[in-house]
Amino acid sequence: MSVRRLAEENVQPGEFSFNRENAAWAKKKIKDFPKGREASAVIPLLMRAQEQDGWVTRASIEHMADMLNMPYIRVLEVATFYTQFQLKPVGTKAHIQVCGTTPCMLRGSEDLMKVCKNKINKEPFKTNEAGTLSWEEVECLGSCVNAPMIMVFKDTYEDLTPERLEEIIDLFEAGKGSEVPVGTQIDRIGSAPIGGLTALTSDPNVKKSKPKKTKPKKTESATAPTVSAVEPSAKAAASKSPTSKSKATPAKKARKAEAVADLDDKNRPQGMERPADIDDLKQISGIGPKIEGILHELGIFKFEQVAKWKKAESDWVDGYLSFKGRIERDGWIEQAKAFAKGGQDE
Ligand code: FES
């Protein structure tokens with residue numbers, strides 16, 4: 001946790017005032033609170049000041065104290081307590097706050113900070129050369145279940161890998177931060193188990209929640225399509241003919257431009273017709289009902305099929321599922337070999 005002090009005097013502007021629109025908003029906001037309790041508006045007002053100027057200046061703190069009839073020290077206490085308030089000028093396009101508390105640290109936040117050091121500046125709170133990006137380490141931001149995570153402005157980006165963080169930073173640098181889907185960056189609903197439900201799966205009374213519909217505008221570099229985002233016609237083609245490789249027309253190929261892997265690719269693992277005795281692929285850690293369904297569409301039903309995947313085939317499936325290396329990290333092939341050899345006990 002960094003020491004939170006006001007910026008040096010030489011960068012502090014002499015005065016602060018809200019622009020017309022914000023001044024009207026602030027007046028209305030103060031009226032939301034009962035008479036004598038106007039001080040309760042201090043956090044929204046400070047946040048508005050930050051949104052207007054990019055950071056919280058000494059002058060804005062004093063201005064807020066005057067508006068709310070509070071001693072300067074009280075507003076200073078609030079501004080220096082919450083890491084959501086930036087006390088120094090930060091990157092104009094993004095200030096990346098990397099959670100470094102235990103759950104995020106155990107899930108790789110140190111690697112995320114390495115990315116920030118390489119791509120932005122070795123030192124926290126210092127901007128890149130263009131002055132557009134900066135970063136800092138902060139304490140828990142409340143998304144521990146989807147660790148590791150970062151916050152940029154008011155939004156969190158979760159379940160990050162160093163590669164995904166690099167993409168996100170590039171998008172913010174390109175002014176396309178709004179195109180990054182907020183929240184988890186992998187295939188899960190909110191903070192539900194990866195790969196779908198792991199309990200109560202057969203209880204018809206359990207309502208299965210649907211993924212919330214976010215509408216990120218996809219760009220090539222921003223594309224981290226979830227499994228459900230894999231182009232439907234491609235999936236349909238796979239389910240129709242699992243054993244034969246589909247003949248995609250140029251039009252079809254164009255339609256599946258966003259699909260990560262090509263169904264005609266020579267590295268696509270050989271599928272089979274659905275046998276009577278299929279294996280429960282969900283026993284492989286990292287495969288839930290949804291992923292299992294997609295594997296079935298690809299003609300993958302048995303542990304021994306997964307166990308025989310060569311690297312290129314495993315990479316193809318990884319790309320098809322937009323997993324960014326998760327198959328290798330989760331050790332699907334090793335797990336499948338064990339299951340194929342000795343069943344569940346093994
Ligand atoms: S530990 Fe990182 S969000 Fe809680």
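With a relative accessibility of 71%, Asn69 counts as exposed, where exposed means over 50% relative accessible area, buried means under 20%, and partly exposed lies in between (1.4 Å probe, protein chains only). The residue sits in the loop between helix H3 (58-68) and helix H4 (72-81); helices (H or I, at least four residues) and strands (E, at least two) are DSSP runs, numbered from the N terminus. Asn69 is not a glycine, yet its phi is positive, at about 55 degrees. Most residues other than glycine have a negative phi, and most peptide bonds are trans.

The model is predicted: local features need pLDDT of at least 70, side-chain atom pairs count only at pLDDT 80 or more, and totals for chains, interfaces and linings use all residues. Residues are numbered from 1 along each chain as its sequence is written, and side-chain values use heavy atoms, with hydrogens and water left out. The mean pLDDT of the protein is 84, and 81% of its residues reach 70 or more; pLDDT is the predictor's confidence in each residue, from 0 to 100. Over residues 214-259, pLDDT stays under 50. For this stretch the model has 81 contacts beyond four places in sequence, a contact being heavy atoms within 4.5 Å. Where pLDDT is low, the predicted coordinates should not be read in detail.

Taken as a whole, the protein has 14 helices and 5 strands. Of its 346 residues, 43% are buried. Among contacts between residues at least 6 apart in sequence, 65% join residues at least 24 apart.

In helix H6 (residues 109-119), the buried residues are Ser109, Leu112, Met113, Val115 and Cys116. Seen down the axis of H6, these residues fall within an arc of 150 degrees, so they line one face of the helix; the arc is that of the directions from the helix axis to the C-beta atoms. An α-helix has 3.6 residues a turn, so residues three or four places apart point the same way. On the other side of H6, the exposed residues are Glu110, Lys114 and Asn118. The buried residues of H6 pack against strand S1 (94-99), helix H5 (102-106), strand S2 (133-138), strand S3 (150-152) and helix H7 (162-173).

Helix H14 (residues 332-342) has Trp332, Ile333, Gln335, Ala336 and Phe339 as its buried residues. Viewed down the axis of H14, they fall within an arc of 160 degrees, so they line one face of the helix. Glu334 and Lys341 are exposed on the face turned away from this buried side. The packing partners of the buried H14 residues are H10, H11, helix H12 (311-320) and helix H13 (326-330). In H12, the buried residues are Ser314, Trp316, Val317, Asp318, Gly319 and Tyr320. Ser322, which follows H12, has a positive phi near 55 degrees.

Loops also deserve a look. Phe125 lies in the loop between H6 and S2 and has a positive phi near 70 degrees, although the residue is not glycine. With a relative accessible area of 26%, Phe125 is partly exposed. In the loop between S2 and S3 lies Pro148, which is joined to Ala147 by a cis peptide bond with omega of about 0 degrees.

Two further loop residues illustrate how sequence and space can be compared. Leu298, in the loop between helix H10 (289-297) and helix H11 (303-307), is buried, with a relative accessible area of 3%. Leu298 is 29 residues from Pro269 in sequence and 8.3 Å from it in space, C-alpha to C-alpha. Thr198, in the loop between strand S5 (183-184) and helix H8 (232-240), is exposed at a relative accessible area of 64%. Thr198 and Ile287 are 89 residues apart in sequence, and their C-alpha atoms are 9.9 Å apart in space.
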